[in-house]
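Please look over the sequence and the model below.

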Amino acid sequence: MGNLSSAQIGYSSDQLAGFTIGVTADRRSDDLIAALVRRGAEVLHAPTLRIVPAGEDDRLIADTHAVIEARPDIVLATTSYGFNGWMDAADAAGLGPHLLEVLAGARILVRGPKARGAVRAAGLSEQGSGAEETTASLVDLVLDRGVDQQTVAMQLHGYVDQDQLDRLTEAGARLLTVAPYRWADPPDPRQVDRLIEAIVGRQLDVVTFTSAPAAEALLQAAERADQLSGLLAALAGDVLPIAVGTVTAAPLRRVGLNPVHPDRFRLGALVRTVCEQLEARVLHACTAVGSIELRGRRVVIAGAADHGVLLSPTGAMILKILINAEGGVVSKERLRELLPGVSDDHGLEVAIGRLRGSLGVSGMITTVVRRGYRLG
């Protein structure tokens with residue numbers, strides 16, 4: 001994923017104000033969070049996995065020795081982060097010059113432009129790239145050129161796509177793999193539990209995903225907590241899942257979700273997509289006290305001097321339901337069904353009262369006796 005540029009993706013310090021976004025990333029999460037916070041968003045960060053770097057994994061050194069001894073015919077580089085990590089680990093182990101000599105004699109193929117940049121930065125040259133930035137596309141390229149009786153070394157990128165490895169071996173390749181980093185359990189599983197609760201409770205507007213393993217890990221964590229059905233229901237409706245690309249989106253699609261993703265698999269494009277999708281979710285309504293705009297949890301009332309009122313998650317949900325009713329009456333029963341933690345009429349009346357108090361104007365929310373509520 002590329003560096004962020006405010007000029008490229010557009011920037012306003014309040015364009016995401018009122019919205020709350022979940023971030024599941026471990027690597028480069030600081031960049032993503034900073035970009036969202038600069039635009040006014042609240043962020044709930046819960047890495048669903050953590051990356052164990054090469055320096056903590058002795059197996060990488062053993063695999064590097066094996067590559068040097070095998071002198072592969074073909075080398076597949078899949079990510080810049082992974083390829084750079086491999087070079088750094090080899091240097092630290094005193095194997096750098098030997099590895100570079102072996103790689104220089106091999107036919108190097110890359111998954112995409114980022115991996116190409118890493119290969120060239122190491123003083124090497126690639127001889128081809130996949131049509132798409134996916135491991136499957138890279139393997140397609142290799143198979144088109146033939147691998148029977150050839151030794152192939154593949155740099156993995158945390159998530160092992162066994163199907164692609166099998167395609168190479170079934171085509172006759174002698175396959176070696178190196179994993180400059182691997183995925184491990186999250187640093188704080190309690191953060192993941194809180195993220196799941198926030199999604200199920202519709203307290204988030206968006207959840208972002210920057211790797212397929214992280215998406216898969218969230219689903220598995222929800223299943224262990226007996227929250228998978230609630231999580232899927234929320235991600236299919238009120239909480240929008242946004243992935244960095246098609247590969248990252250795949251685990252979510254397999255369970256019936258329809259995550260949004262940018263055309264370019266870059267961090268800047270992901271932030272732009274978040275901004276565009278949330279702008280499309282801004283709600284407007286005309287009421288007895290004038291027009292209102294609901295941006296996540298922030299409501300802006302026409303003519304107000306300030307920048308709006310930040311509502312509680314429950315208050316924002318009530319107002320959203322009433323706006324979507326387009327002036328119709330929403331029954332108490334329906335509101336209780338849709339509001340987590342509100343189980344009786346008294347609890348609903350308390351929540352409505354707090355919302356009215358937060359809005360600070362009278363006449364916006366009307367009680368319809370024995371029926372429910374509507375916008376005034």
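The buried residues of α12 pack against β9 (206-209), α10 (212-224) and β10 (240-243); buried means under 20% relative accessible area with a 1.4 Å probe, protein chains only. Helices (H or I, at least four residues) and strands (E, at least two) are DSSP runs, numbered from the N terminus. Helix α12 spans residues 246-254, and T248, A249, P251 and L252 are buried in it. Seen down the axis of α12, these buried residues fall within an arc of 145°, so they line one face of the helix. The arc is that of the directions from the helix axis to the C-beta atoms. After α12 comes G256, with a positive phi near 90°.

This is a predicted model, in which local features need pLDDT of at least 70, side-chain atom pairs count only at pLDDT 80 or more, and totals for chains, interfaces and linings use all residues. Residues are numbered from 1 along each chain as its sequence is written, and side-chain values use heavy atoms, with hydrogens and water left out.

D63 has its place in helix α3 (residues 58-70). Is D63 buried or exposed? D63 is buried, because its relative accessible area is 19%. Leaving aside neighbours within four places in sequence, D63 is in contact (heavy atoms within 4.5 Å) with T177 and V178.

Technical notes. Buried < 20%, exposed > 50% of the residue type's maximum accessible area, 1.4 Å probe, protein only.
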